[in-house]
Structure formats: structure tokens, C-alpha cells
Amino acid sequence: RQLGTAAYGGASVGECLAVAEQIRRSGAAAWTGAFAALAKRQHADAVRHGAAGHALSARERYLHAANSFRAAEYFSPFGTGQHAELGLASRDAFLAAMANDPVHVEQVWLPWRDQRLPGYWLVPPGADEPGPTLMVTSGFDGTLEESYFQVGLAALQRGWRVMLICGPGQMDTARTEPGTHFVPDTESWVSAWTDRVLEFPEVDQKRLALLGISFGGYFAARAAAHEPRISALVANSPVIDLRAYMVSFVAGMGGDPEEVLTPADDFSLDDIDDIPDDEMPHQIKEMSRSLIRRFGQTTFLGTFAYLRDFVVDPSMIRCPALALVGTGEGGEPIRQFEAFGQRCAGPVTRRMFTAAEGADTHCQLGNLTLSNAVVMDWLDETFASAR
């Protein structure tokens, strides 16, 4: 995941391999500390380059630091002070980088219910007239800064205006809103972001696309089913039943939790640390803890019961859609990819990436340039056809 962003200035291969070797020697628990230390070195480099008047060098190192802080944040325990600190450091480094970038960048804070949702508005140089605009949201553990590397920069290079958005429960929101959690009606916050995006004069209101990455495939598909102002949808990958999708990821626990666990087996956040490691490995404990918190529930089985509300009716999606998936993602993501393509009311273009392309894994993280070529060419052709 970290190596993949090297194509868009998010990492250097050599530093990634050096940190990987350090983690291999020290153990997986060293991940957060190793990447945080790397981020601090990269940040210090950026400060020195900037002080010497080398703006481009400073920008490049700030971008590396932003993504390394994100990598450290990824495996830091969710909801802790360290987790928020690393995330905010990633944000600060990203903004420092973009201060030396020709792209116009604006922080946006969207009031939504009782929270503030963060986002970035980015406009390429010379894009003063209304033009095509891409709204991008990530998923369970992605961030706004990572979305910039994954697809935002590729869109900017092609002259698109870009709004990187997030909603309740997502990593960026959790940095400043500790009580935040996912909601099934994602149209409630995506439509609020749509209102905000359409206020910018550089936006062509008839050429507004929405792209969702990972869990964001659910967020975007659900929003597109209810928001008629979305002119095109990219689901990478399409998730129409989030509970079934999640069950496929916890298969190592023996199957569907509501089928293999009785109410007496259920556990809460307070119970997790008291469960012996031979009954529940540390990795499963942390995953369970994160799931319960991120969905705003109190118990593990309660979380999977709540997930029944996270569904999309593809027949309500009438705009053109691009569905992406990798052959290595597993049976359930591919099943939902196929169901999405069959059931959408509007035209659907399907693209399955393969191992031979180096893009078969989740969200094509191993070959972002290929993924972005497919996405952005489809968007350009879709809007050219509509015009």
C-alpha cells in the first residue's frame, strides 16, 4: 500500500524497504514506531530544504512525511491520543507540501449534525472556468491525504477539480471528533458535501462525479442511489451489502459471527482485554475493538446486527457507473461486483484487474497508474459523450 503511492510522490521505494526490514527484525508491533520515526526524519528534511529556499525539494519530502505519518497512524490503536496525533501530523505535513504546489488547496470543514467533517478542495492551475469535478471518499481506514495519492493527483493532472471528502466514522473525522461513527445513510453527508462543492464557481454542475475507495464503494454507491446531482459514479469496489462484505473479512473467526457465536459468547469493548490470547489472537482483538468503536456499538454481535442497515439498492442508481474489482479480492467482493453490474438502472462499465497487471489486490494498490488510467479515461469519455 505504501509502495504503491511512490508513483504519485507518496513514498520512496528505498525508504519503504528499509522500514520493512526494521519491522521484520523487530516484529509487527514495531510498525507504528518505525513509520513515525521515518516520518519525523522526512519532515525534518523538508524543513531544512524549505529554509534553504528549495521549495520543490521541501514539497517532495513533506509529501513523503505526510504519507509515512499516515502509515504510522494506520496501526496505532484507534481512538487513542497517539492515533489522533499521528493523523494530525499527516494533515499538517500535507498542507505544508501543498503550500509549495501550483495547485490551489483549501481546507474545508463541513458542519454535519453535531460534527465537523474535514475535506480538501483542490483546483489545478488555470482552471478558472467551470469544469469537470471529482468528489472522492475513502473507506474504513483510508484518509484524505492518501486519497490524494491514490486518485486525486491523477485527476488534477488531467485538469479536473477535486474535492476530497470524508464522513462520520472515517479516520480524518476521528482525529478531531472522538465520538464519531459510521452511519448507513451515507447520502445524508455526501449530499451535504455536494451542496458545498456546487458553491465553488470552478465546478460545472452537469459534470460532477463521485468516486468511492474500498468501504467508500458503499458510501458512494448508496449516495448515488439517492443523490440525482451525481452525474457519474466510480465504485472501487462496489459494495451493496456491507455486512456480507464484512463477514467475508472475518471468516478466520469461523464464519458469520451471528451464526457461530451465541449471545453468551458476545463480548463488549470492556471484555476484550480479559480474553486470553489463545482464545482470541491479538490481531483479532484489535480488529474487533476497532469494528465496535467505528460503528458506534457496544458489543461485537451488536455491531453485526447494526450492519444489516448498510445496504444499497443498485436499481436506484441511474447515472453511468464504473465498477472496479481485482481477481485477488475474494469471492464476496467479486459477487457484489457482478450483482452491482447486473442490477444498476443506468449503464455500467465493469473492469476486473488481474495479477498479470499487478493490480489484482484491493483497490489496485499495486498499480495505481493503471487504475487511474482506467478511471480517468472512463470519466473523460463519459462526460465528453454527455456533452
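Predicted model: local features only at pLDDT ≥ 70, side-chain atom pairs only at ≥ 80, totals over all residues.
Local features need pLDDT of at least 70, side-chain atom pairs count only at pLDDT 80 or more, and totals for chains, interfaces and linings use all residues. Residues are numbered from 1 along each chain as its sequence is written, and side-chain values use heavy atoms, without hydrogens or water.

Rolling a probe the size of a water molecule over the atoms shows where empty space is left. A cavity is a set of points, on a 1 Å grid over the protein atoms alone, where a 1.4 Å probe fits but cannot get out. Grid points are joined across faces, edges and corners, and a volume is the space filled by probe spheres set on the points. Two cavities of 30 Å³ or more were found.

The largest cavity has a volume of about 70 Å³. Its lining residues (an atom within 4 Å of a point) are Q150, V151, L211, I213, N236, C363, Q364, L368, S371, N372 and V375. Helices (H or I, at least four residues) and strands (E, at least two) are DSSP runs, numbered from the N terminus. α5 (144–157), β5 (203–213) and α15 (368–386) each supply at least two lining residues. α15 gives the most, with four. The lining holds six nonpolar, five polar and no charged residues. Here Ala, Val, Leu, Ile, Met, Phe, Trp, Tyr, Cys and Pro count as nonpolar, Asp, Glu, Lys and Arg as charged, and the others, Gly among them, as polar.

The second largest cavity has a volume of about 30 Å³. V136, T137, S138, G142, T143, L144, S147, I165, C166, Q170 and D172 line this cavity. β3 (131–137) and α5 are the elements that give two or more residues to this lining. Four of its residues are nonpolar, six polar and one charged.

Methods: 1 Å grid on protein atoms, 1.4 Å probe; cavity = no way out; pocket = protein on both sides within 12 Å on 5 of 7 lines; lining within 4 Å.
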